[in-house]
Amino acid sequence: MPVKLENVVPFGRTLEEYRRMLSLPEDLSGLRILGCGDGPASFNAEASRCGAEVISIDPLYQFSGEQILERFEASVPLVMDQVRASVERWNWSFHGGPDGLLRQRRKAIEGFLADYAQGKQEGRYLEASLPALDFEDGSFDLCLCSHFLFLYTEAFDEVFHLASLLEMLRLSSEVRVFPLLDLQHQRSRHLEPVIEALREAGYECAVEEVDYELQIGGNEMLRIWQATR
Ligand SMILES: C[S@@+](CC[C@H](N)C(=O)[O-])C[C@H]1O[C@@H](n2cnc3c(N)ncnc32)[C@H](O)[C@@H]1O
């Protein structure tokens with residue numbers, strides 16, 4: 001399936017948001033983490049400073065920092081108009097409202113841009129795309145995906161989802177994905193068939209409540225791990 005970057009909003013989140021969305025441990029030091037589709041999140045920059053060994057992969061990293069910022073700014077009016085037109089469909093306990101949400105997204109991209117050149121040099125930001133990644137088996141302790149799989153249910157089919165998750169499980173003994181809702185705030189129709197296929201393939205899967213909810217009802221992540229763990 002070809003990359004449909006134009007369908008995917010280049011908005012990023014902070015370490016604080018990643019911690020909550022994906023129930024990350026307090027101490028990240030020494031943890032080898034692969035972030036799939038991290039885009040302009042400040043997660044890599046901040047978690048690296050906390051001692052984690054983070055690699056982020058994203059097709060967006062074919063672009064320069066200036067180009068990524070341009071794509072971000074070009075998306076802001078449309079995304080924020082959509083959010084403001086549907087304020088009652090969001091839980092504002094963390095962001096306070098649409099303005100706070102935009103402030104948080106700007107904070108994330110600023111943190112990302114300040115780290116991008118150095119991170120690229122250090123190999124922490126790699127241009128690559130699910131579902132096929134060029135790492136050795138078991139290269140990571142934890143593989144994360146925030147706001148890509150399941151959210152973009154219409155743009156990426158069930159086969160893509162399953163192939164992506166199996167690839168993440170090849171690289172890491174545990175995978176965590178958030179959210180499980182699609183862009184219409186409905187539980188992704190790929191979720192149940194994908195869980196069934198993963199269980200058939202011998203993996204353990206759990207849908208777990210997390211301490212983050214922006215889309216109302218979207219406070220769950222999928223955790224998948226090797227049954228032998
Ligand atoms: C909405 S952003 C989420 C960014 C970040 N994970 C976060 O939650 O802050 C989705 C990201 O998925 C990336 N993406 C699109 N196609 C992809 C693919 N095939 N593999 C990995 N990432 C992809 C986009 O470039 C974009 O940066």
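Mentor: One term to begin with: contact means heavy atoms within 4.5 Å. This is a predicted model, where local features need pLDDT of at least 70 and side-chain atom pairs count only at pLDDT 80 or more, while totals for chains, interfaces and linings use all residues. Residues are numbered from 1 along each chain as its sequence is written, and side-chain values use heavy atoms, with hydrogens and water left out.

Trainee: Thanks! So what is Leu 142 in contact with, leaving aside its neighbours within four places in sequence?
Mentor: Its partners are Leu 24, Leu 31, Arg 32, Ile 33, Leu 34, Ser 172, Glu 174 and Arg 176.

Trainee: Is Leu 142 buried or exposed?
Mentor: Leu 142 is buried, at 5% relative accessibility. Buried means under 20% relative accessible area, exposed over 50%, and partly exposed in between (1.4 Å probe, protein chains only).

Trainee: And which strand holds Leu 142?
Mentor: Leu 142 sits in strand β4, residues 142–146. Strands here are DSSP runs of E with at least two residues, and helices are runs of H or I with at least four, numbered from the N terminus.

Trainee: Switching to the ligand, which residues come nearest?
Mentor: Arg 13, Tyr 18, Gly 37, Asp 58 and Ser 146 do, out of 22 residues around the ligand. A residue counts as near if one of its heavy atoms lies within 4 Å.

Trainee: What are the distances for Asp 58 and Tyr 18?
Mentor: An N or O atom in the Asp 58 side chain is 2.6 Å from a ligand oxygen. For Tyr 18, a side-chain N or O atom lies 2.9 Å from a ligand nitrogen. Arg 13 uses a backbone N or O atom, 2.7 Å from an oxygen of the ligand.

Trainee: What about Arg 223, which side chain does it make a polar contact with?
Mentor: The side chain of Glu 208, at 2.8 Å. A polar contact is a pair of N or O atoms within 3.5 Å; within protein, one must be able to donate a hydrogen and the other to accept it, and residues adjacent in sequence count only if both atoms are side-chain atoms. Arg 223 lies in strand β7, residues 220–226, and is buried at 14% relative accessible area.

Trainee: Last one: how many helices and strands are there?
Mentor: Six helices and seven strands. From the N terminus, the order is α-β-α-β-α-α-β-β-α-β-α-β-β.
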